[in-house]
Amino acid sequence: MTESEAIDTAKKRLGKRSIVLVGLMGCGKSSIGKRLAARLGLPFIDADEEIERAAAKTINEIFADHGEAHFRDGERKVISRLLSNGPQVLATGGGAYMHPETRQRIRENGVSIWLRADLPVLMRRVMKRDTRPLLREGNPEATMRKLIEARYPIYAEADMTVDSRDEPHDLAVNEIVNRLATSSAVPTGPVQPPSPSRSVRIELGDRAYDVLIANGLLSDTGALIKSRLGAVKCGIVTDENVARHHLATLEESLKSEGLFAGSIVMTPGEGTKSFRDLATLSERLLELGLERGDLVVPLGGGVIGDLAGFAAGILRRGIRFVQIPTSLLAQVDSSVGGKTGINTPQGKNLIGVFHQPSLVIADTSVLTTLPPRQMRAGYAEVAKYGLLGDAKFFAWLENNWQGVFGNNGPALTKAIETSVAAKAAIVARDETETGDRALLNLGHTFGHAFEAWTGYSDKLLHGEGIAIGMCLAFRLSEELGLCPAGNADRVTAHFKAIGLPTRIADIPQTGADADELWRLMGQDKKVRGGKLAFILVRSIGDAFVSRDVPPETVKAFLKREIAR
């Protein structure tokens, strides 16, 4: 077998699996890994570098500031996330493979290779550097002997063992490539789709569906759809920004299961939620040959989800769709509950239908590519669920919000799951917003007016408008004597800590006018008999619907807020 044939065969046998290099410090994981990745045309990832990037600290600083246990916990989470990005060559830290959960994730998603080296070889290599935290105290050689005794029996569980000697690293690379191409010990089966770490059921009778929440689900979408909804054709709808990061992964997943019908890439931004783009999208979906039993698959944030969901609701008088939300806002709010629609000059989401998805796949790892401003805007909708009905959740957010914005960890998953579960309970009681579901619009009556005032532009993102709107709802509730003093300040302080706007003056547009904002608020979907509904609060976690606020009271309040 020639070298090029061995490379081609090795890559085919790997499929979607990653090559995971394990072994003690000094065994050559980085240097061999880089050469191996170049030989196979795969990306090379150093797990320690990813950990340092996520923590904004060096490994030594993490050990010094937080201890080894904290480092190992973060290491496990980072490697789990990285394993969802294969195929790649992944170099792990010396202690990573010792964790049973990490070994299991590697078995499911990779081929493990132990780079075994003798003690003299290891010592010659590691003593050239003083950056190894486990060797900085005591007798380094004695420490290394103890590590060998403890870890070599576990490393031996790897799929392949390759000796790392004092010889050119290309020799080890050659051996690895040849054995990947020929060895029966190398796992070649399909990567096992991860079980969602969380699953929330939306109970709507025979139209019930699940929201799956986990790290790395995007690459398993094809298998998830096929197992739940059958061998259907899937038309992807996304935008240019999302396509750059995630479209290829989704397309490959659908193609691997024979489900891919085509992709449609739209212009990003609220301006796309229009009659013009709805017509264009509907025609292009028909051109893909989608039939009544097939699926529209929106891959994107709230704009794409609302637009493509609306198109699915009217295409052939209604076909199924699967939401794959890629923004925090979409994962916790707009992808769940079946609201779809477009904007008009008169207001936001005034044209649309209630059309429930058949499945929602929320891959938390895609949020790592989200711009910080978008992440903050999505957080406003997370906080909303605490503010309208769960005071304990809001208190938890006050103490844990930095973890929600952290490296795709358990705090983020909990925030998403709690938000989705809260919305699921309300939607199950009031699917078409004739009662309790209106509570989900806390801050939205004000916020939608601000969005219309700014022309649905990048001057104000949806979540930013809602953040300001919720602050105003609490301040108005306090002025009306409905809510104890201090609640509004607490909400405002939290949003300021996040980096969200809290006042009308924070909107980068001049000329705010109370009468104009009142007119825009009058286009709200919750208007009944000419009366505007407000979601007001008795306290944090206790919201209610009111239609008894006089217009002159609101206008006077808006004038004071504009001047704030």
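Let me begin with a definition: a charge sits over a ring if NZ of Lys or CZ of Arg is within 6 Å of the ring centre and within 35 degrees of the ring normal. By that criterion, the charged end of R116 sits over the ring of W114, 5.4 Å from its centre, and the charged end of K384 likewise sits over the ring of Y385, at 4.9 Å from the centre.

Before going on, please keep in mind that this is a predicted model, in which local features need pLDDT of at least 70 and side-chain atom pairs count only at pLDDT 80 or more, while totals for chains, interfaces and linings use all residues. Residues are numbered from 1 along each chain as its sequence is written, and side-chain values use heavy atoms, with hydrogens and water left out.

W114 also belongs to a cluster, in which ring pairs link it with Y152 and Y155; here rings of Phe, Tyr and Trp (its six-membered ring) pair if their centres lie within 6.5 Å, with planes under 30 degrees apart counted as stacked, over 60 as edge-to-face and the rest as tilted. The structure holds eight aromatic pairs. One of them is F393 with W396, which is stacked, at 6.0 Å centre to centre and 15° between the planes. Both residues lie in helix α16 (residues 391–404), three residues apart, or about one turn of the helix, where helices (H or I, at least four residues) and strands (E, at least two) are DSSP runs numbered from the N terminus. F393 is buried, with a relative accessible area of 4%, and W396 is buried at 18%, buried meaning under 20% relative accessible area, exposed over 50%, and partly exposed in between (1.4 Å probe, protein chains only).

The rings of F446 and F557 have their centres 6.2 Å apart and their planes at 55°, so this pair is tilted. Because F446 lies in helix α18 (residues 444–453) and F557 in helix α22 (residues 551–563), the pair ties together parts that are 111 residues apart in sequence. Both F446 and F557 are buried.

Let me turn to the sheet. It is an open sheet of seven strands, in the order β6-β7-β14-β11-β10-β8-β9, with mixed pairing, and two strands are said to pair if DSSP finds at least two bridges between them. At the edges are β6 (198–202) and β9 (260–266), each of which pairs on one side only. β6 pairs with β7 (residues 209–214) in the antiparallel sense over five bridges, and within that pairing S199 stands opposite L212.

What joins β10 to β11, and in which sense do they run? Four bridges join these strands, which run parallel, and the bridge partner of G300 in β11 is P325. The chain crosses from β10 through α13 to β11 in a right-handed β-α-β crossover, right-handed meaning that, with the strands pointing away from the viewer, the path from the first strand over the helix to the second runs clockwise. Five of the six residues of β11 are buried, so this strand is largely enclosed by the rest of the structure. On to β14 (residues 359–363), β11 pairs with it in the parallel sense over two bridges, and V322 stands opposite L359.

Finally, K273 lies in the loop between β9 and α12 (275–287). Is this lysine buried or exposed? K273 is buried, with a relative accessible area of 3%. Leaving aside neighbours within four places in sequence, K273 is in contact (heavy atoms within 4.5 Å) with residues including V303, D306 and N343.
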